[in-house]
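User: I am new to this structure. Please walk me through the terms used for it.

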Amino acid sequence: MVTWHNAVLAGGLRGQVSRLVERVVARNVRVARVPADLVQRAAELGAADARLAPVAAPVLPAPRRRRAAVRAEQASPPTGR
């Protein structure tokens, strides 16, 4: 059994290698446990048994700062030129 958590988004050589590994794993695993968005992908790649594995994310607390304050904090300081 193997679990997948993310779709391959990388491009270039890294993306090609990642997709190759994804295909090899799908074809050689007995059960692929994947989130809803990857069930069909696993089956298309050759997984004999692709099952939904719900991914539970924790509930986030309410923000403590306003959006404008966060944006101001992340802005680059002037370069002085």
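**Terms and cut-offs**

Analyst: Val17 lies in helix 1, residues 12-28. Helices (H or I, at least four residues) and strands (E, at least two) are DSSP runs, numbered from the N terminus. This is a predicted model: local features need pLDDT of at least 70, side-chain atom pairs count only at pLDDT 80 or more, and totals for chains, interfaces and linings use all residues. Residues are numbered from 1 along each chain as its sequence is written, and side-chain values use heavy atoms, leaving out hydrogens and water.

User: Why is Val17 called partly exposed?

Analyst: Buried means under 20% relative accessible area, exposed over 50%, and partly exposed in between (1.4 Å probe, protein chains only). Val17 has 43% relative accessibility, so Val17 counts as partly exposed.

User: Why does Glu22 count as buried?

Analyst: Glu22 is also placed in helix 1. Its relative accessibility is 8%, so Glu22 counts as buried.

User: Which residues does Glu22 touch?

Analyst: Glu22 touches Trp4, Val8, Arg41 and Leu45, not counting residues up to four places away in sequence. Contact means heavy atoms within 4.5 Å.

User: What makes strand 2 and strand 3 a pair?

Analyst: Two strands pair if DSSP finds at least two bridges between them. Strand 2 (residues 32-34) and strand 3 have 3 bridges, in the parallel sense. Val34 stands opposite Leu52 in strand 3.

User: Which are the edge strands?

Analyst: The open sheet has 3 strands in the order 1-2-3, with parallel pairing. Strand 1 (2-3) and strand 3 (50-52) are the edge strands: each pairs on one side only.
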